[in-house]
Amino acid sequence: MPNEEIPTSVKLSKYTPYFLILPTLAYMIFFIGYPLVQGIMLAFFDEQGRFTLENVNYLLYGPGSLFWDALKYTILLAAVIIPIQVSIAFGLALLFNLRFPGKNAALYTVILPLTISDVAAGLIWYVMLGQYGFFNKILMNLGIISHPIIFFGIKDMEFIAIVITEIWRATAIVFIIIYAGLQMISHEYYEAAEVFGATTWQRFRYIVFPLLLPSLQAALIIRTLFAFQIFGVVWTLAGRDIPVLAGEAYYAQTELLRPGVASLYALIIAGLSIAVGALYIKFFKAKYLEAGM
Amino acid sequence: MSREVLVKKSDIVKYYLRKIIIAGLVTIAVTWVALPFVMTIIYALSDPDQYYDPHIVIPTRYTLEHIHKLIVLGAWNATINSVIVAVLTILFSFAIGLPAGYAFARYAFKGKDSLKLFIVALRMFPMMVIAVPLLVLYFKLGLADTLLGIALAHTAMALPFVILITSGIIAGVPVEYEEAGLVFGLNRIGAFFRITLPLALPGLAAAAIFTFIMSWNEVFIAAVLSFQNRTLPAFILNLIGGATDFIKFAGAFIMVIPALVFVFVAGKYLVRMWGITLK
């Protein structure tokens with residue numbers, strides 16, 4: 001009807017969702033966009049606003065700079081930890097997809113490490129692996145070793161302690177993502193497979209694995225990005241014996257009192273995350289995003 | 001046509017073998033995760049003489065002295081600070097994020113998919129990047145070393161998660177209820193507060209616990225933004241540099257106890273929410 005007017009409230013309601021989302025966008029732009037720009041300013045410009053490479057030089061050649069070691073260990077830790085985590089989590093998810101008594105209690109226990117901070121996780125394994133810790137005591141009392149195994153103060157052993165702690169702490173995140181994906185697979189597929197006489201291996205290879213791929217990819221992306229931010233566990237177990245990027249950022253900020261260098265470290269973490277995230281998405285053709293949010 | 005059911009002996013053996021293997025694997029997984037928690041609690045309360053005796057695995061004498069020492073050093077204040085920061089983070093992130101979650105759940109609009117993708121991508125952004133530049137700004141605004149300042153930064157970290165969770169929860173409340181409310185004369189805001197919100201409340205409460213845990217556990221941003229008014233993880237991180245073993249054990253103890261409470265109270269919801277937000 002041409003002379004029927006659309007009420008103002010209806011016209012306005014077209015914009016309602018934007019009004020509702022606006023505060024979020026404003027907040028995120030302010031709290032991420034502004035610090036990002038400010039971070040670049042801190043890292044590459046001096047107080048007069050002139051471009052400077054002073055922070056870059058300090059990061060690379062400054063006294064006691066551990067930049068290359070930090071980069072090496074951050075990537076090395078991720079490369080060692082993530083494949084182990086994904087394998088264990090995958091097996092665990094398949095296990096929890098079966099029916100067994102006490103499943104809920106077991107599930108809640110397995111996710112416990114997700115509810116504590118990485119600092120707490122580091123300290124817990126400091127308790128476990130110390131010279132008089134549970135690990136050494138039990139092995140000595142069982143007669144398996146005659147002297148305690150020293151983890152702390154020795155670089156390679158600290159590396160192992162960090163790997164153990166991270167596997168203990170963060171495998172649960174990967175597990176939950178894969179487990180959620182596994183539960184979404186319809187039982188009709190299994191039934192169909194049964195009708196056609198598929199073996200367990202065939203069921204796994206042709207049903208479970210392809211349908212689970214998006215979840216696996218999502219888990220891989222999330223774990224990799226978080227791995228670049230590794231900090232609390234390393235800082236509590238090894239300090240700067242095992243330097244990592246986030247640890248060096250913290251050290252530059254709180255001990256060296258050089259916010260420019262700290263910002264530079266943070267920007268390197270962000271750059272690394274964005275690069276790897278983009279690489280994964282390209283590699284997986286963004287399939288994980290189609291799998292429903 | 002009747003089928004005779006024949007059970008072979010080997011099938012029975014297989015059945016029980018399978019059960020035993022499953023039980024064994026589950027026991028290993030649960031022990032691997034739970035044992036460090038248990039031993040931390042035991043050793044944090046252990047008598048030092050017994051702890052340093054290599055022949056005693058499980059001590060028989062216990063003491064609260066290490067926990068007490070940690071509290072004297074300031075752990076109690078730090079715990080209160082952590083609670084204040086986490087509660088403020090819940091308030092801010094829900095006040096800002098709940099409307100957005102509602103919009104994503106209830107409206108179809110241009111650009112919805114890209115906006116949602118933007119939020120999904122934000123959740124992967126390494127938030128530690130904002131800490132150092134934010135401190136420069138906080139000095140100008142007088143927010144440096146304040147709990148409010150930490151909470152504002154934690155809100156930025158929690159917002160994407162809050163939006164994804166709340167939109168999932170609101171989408172789970174049938175829109176027909178809300179429409180019925182509209183028919184009977186409520187406006188959209190009234191319908192939300194009187195129909196959808198009460199129905200979504202249990203889920204939102206769990207989302208609040210989820211947000212609490214995120215803020216409670218965050219250490220890097222909190223440690224950079226504060227010098228005196230530290231949250232518990234920042235306080236412990238700063239303390240352990242020169243601390244004795246038992247202070248470290250006590251630190252672990254004090255941070256582990258709330259985790260047990262969280263999982264006991266909201267374990268079921270937590271599993272589901274991690275499933276939603278991390279996919």
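Arg169(A) counts as buried, at 19% relative accessibility; buried means under 20% relative accessible area, exposed over 50%, and partly exposed in between (1.4 Å probe, protein chains only). In this predicted model, local features need pLDDT of at least 70 and side-chain atom pairs count only at pLDDT 80 or more, while totals for chains, interfaces and linings use all residues. Residues are numbered from 1 along each chain as its sequence is written, chains are lettered from A and ligands numbered from 1 in the order in which they are written, and side-chain values use heavy atoms, with hydrogens and water left out.

Arg169(A) forms a salt bridge with Glu166(A), with 2.9 Å between the closest N and O atoms. A salt bridge here is a side-chain nitrogen of Lys or Arg within 4 Å of a carboxyl oxygen of Asp or Glu. The two residues are three apart in helix H8 (residues 155-183) of chain A, so about one helical turn separates them. Helices are DSSP runs (H or I, at least four residues), numbered from the N terminus.

## Glu166(A) and Arg223(A)

Glu166(A) is buried, with a relative accessible area of 3%. A salt bridge also joins its side chain to that of Arg223(A), at 3.3 Å from N to O. This pair links distant parts of the chain, Glu166(A) in helix H8 of chain A and Arg223(A) in helix H10 (residues 200-227) of chain A, 57 residues apart. Both Glu166(A) and Arg223(A) are buried.

## A salt bridge in chain B

In chain B, Glu178(B) and Arg106(B) form a salt bridge whose closest N and O atoms are 3.0 Å apart. Because Glu178(B) lies in helix H7 (residues 175-183) of chain B and Arg106(B) in helix H3 (residues 65-106) of chain B, the pair ties together parts that are 72 residues apart in sequence. Glu178(B) is buried at a relative accessible area of 3%, and Arg106(B) counts as buried at 13%.

Over all chains, the structure holds eight salt bridges.

## The interface between chains A and B

The contact (heavy atoms within 4.5 Å) takes 83 residues from chain A and 94 residues from chain B. Chain A and chain B bury about 8100 Å² between them, 82% of it on carbon and sulfur atoms; buried area is the accessible area (1.4 Å probe) that two parts lose on being put together, summed over both. Between chain A and chain B the count of salt bridges is zero.
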